[in-house]
Amino acid sequence: MISLSNLDPRAPLVLDTRELGRRPGSMHGVSRTVPAPADLGIEVLRVPEGSQVDLDLRLEAVMEGVLVTGTARAALEGECVRCLGTIADELEVDLQELYVYDDRDHDPDEDDEVSMLQDDLLDLEPLLRDAVVLALPFRPLCRDDCPGLCTECGARLADDPDHAHEAAKDPRWASLATLQQDPQQDD
Ligand SMILES: [Zn+2]
Ligand SMILES: [Zn+2]
């Protein structure tokens, strides 16, 4: 098996599991605040790079490796897809992943799906990325009933709920409206 690139034990999202001593049942809590990596999220909604991500995790040694469970909390920043207004929100996601010891035998066909420990270090970043992306709405809105933008002038309708244009009073429209209101009667 090709060896993976070595993890840096000082990287904020790399956790050291050696304290667990590979003894099934031993546990270790980890609470740390780390700077958000770049591109954490989706294009229209993401955790700002370098902002705080609060991790509250439990590492538990099991037979095959180390089970990580816990939560990550972070700020979100983005754009409403309807009105392009700023979205500022918070996100809390659940994390759960089994990291398998890298010196155990594995079915090579399954290696792609398995998270591996590397020299008893684990990389939380792929897990965090997946959890954040899965938790984000596909089309974020500033609020559920965001009215969006005026199709005439592009104004934000939320700022100006009584927004109206004079178009309806254009004489050409007025005559058309009259025609529509007074259809020919056949009987
Ligand atoms: Zn909006
Ligand atoms: Zn308008």
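This is a predicted model: local features need pLDDT of at least 70, side-chain atom pairs count only at pLDDT 80 or more; totals for chains, interfaces and linings use all residues.

**A charge over a ring**

Start by selecting Arg-22 and Tyr-101: Arg-22 sits over the face of Tyr-101, 4.1 Å from the ring centre. A charge counts as over a ring if NZ of Lys or CZ of Arg is within 6 Å of the ring centre and within 35 degrees of the ring normal. Residues are numbered from 1 along each chain as its sequence is written, chains are lettered from A and ligands numbered from 1 in the order in which they are written, and side-chain values use heavy atoms, leaving out hydrogens and water.

**The zinc site**

Now pick the zinc ion (ligand 1). Which atoms hold it? Cys-80 (SG), Cys-83 (SG), Cys-142 (SG) and Cys-146 (SG) coordinate the zinc ion at 2.3 Å; donors are N, O and S atoms within 2.8 Å of the metal (3.2 Å for Na, K and Ca), and with water not among the atoms, sites may look incomplete. Along the sequence, the donor residues follow the spacing C-x2-C-x58-C-x3-C. The angles among the four donor atoms run from 106 to 115°, making the site tetrahedral (four donors, all angles between 85 and 135 degrees).

Cys-146 is buried, at 3% relative accessibility, whereas Cys-142 is partly exposed at 32% (buried is under 20% relative accessible area, exposed over 50%, partly exposed in between, with a 1.4 Å probe and protein chains only).

How values were computed: Four donors count as tetrahedral if all angles lie between 85 and 135 degrees; four count as square planar and six as octahedral if opposite donors are over 155 degrees apart and all others between 65 and 115; anything else is irregular.
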